[in-house]
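This report covers the overall fold first. Two residues follow in detail.

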Amino acid sequence: MISANIIKKPINTEKSLQDANRGIFTFEVDKEAHKVQIKKTIENLFKVHVIKITSATIKGKKRLVGKKRLPVKGADRKKVWVKLKAGEKIDLFELGEKK
């Protein structure tokens, strides 16, 4: 699997930004990627040292769509939480300074 396709996007929510202050960063990744691939990709892209990776598969939601209200299932997703070595951070999760 190509490393550019493993990490889809960073997840920037209130909870993930609080975790980022503690050194834990959240990403959405390819469903087929495993922890070793994710670790190597993050270390190469951001030049950091990964200590621990926790992953979870999020099942797609079922919704009713259209005039006939037919059931449709959304796509499954995979989230990972990456813990970095103390003192390291990823700039994607930085907020502007408060005034």
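Accessible areas come from the Shrake-Rupley method with a 1.4 Å probe, and for residues only the protein chains shown count as cover. On that basis the chain exposes about 7600 Å². Carbon and sulfur atoms supply 52% of this area.

The model is predicted: local features need pLDDT of at least 70, side-chain atom pairs count only at pLDDT 80 or more, and totals for chains, interfaces and linings use all residues. Residues are numbered from 1 along each chain as its sequence is written, and side-chain values use heavy atoms, with hydrogens and water left out.

**Overall fold**

The chain holds three helices and six strands. Helices (H or I, at least four residues) and strands (E, at least two) are DSSP runs, numbered from the N terminus. Their order along the sequence is α-β-α-β-α-β-β-β-β.

The radius of gyration is 16 Å, whereas a compact globule of 99 residues would have one near 13 Å. This radius is taken over C-alpha atoms, and the globule rule is 2.2 Å times the number of residues to the power 0.38. The C-alpha trace spans about 55 × 40 × 20 Å along its principal axes.

Of the 99 residues, 28% count as buried. Buried means under 20% relative accessible area, exposed over 50%, and partly exposed in between (1.4 Å probe, protein chains only).

Contact means heavy atoms within 4.5 Å. Among contacts with a separation of 6 or more, 61% join residues 24 or more positions apart.

Charge comes next. There are 26 positive and 11 negative side chains. Lys and Arg count as positive, Asp and Glu as negative; His and the chain ends are not counted. The centres of the two sets lie 9 Å apart, with each charge placed at NZ of Lys, CZ of Arg, CG of Asp or CD of Glu.

**Two residues**

| Residue | Helix | Relative accessibility |
|---|---|---|
| I42 | helix 3 (residues 35-46) | 0% |
| S16 | helix 2 (residues 14-21) | 4% |

Why does I42 count as buried? Its relative accessibility is 0%, so I42 falls in that class. Leaving aside neighbours within four places in sequence, I42 contacts I7, F27, K47, V48, V50 and V82. I7 and I42 are 35 residues apart along the chain, yet their C-alpha atoms are separated by 8.2 Å.

S16 is buried because its relative accessible area is 4%. A polar atom of the S16 side chain lies 2.7 Å from the backbone oxygen of I11. Not counting residues up to four places away in sequence, S16 touches I11, I24 and T26.

How values were computed
Polar contact = N/O pair within 3.5 Å; in protein donor to acceptor, adjacent residues only side chain to side chain.
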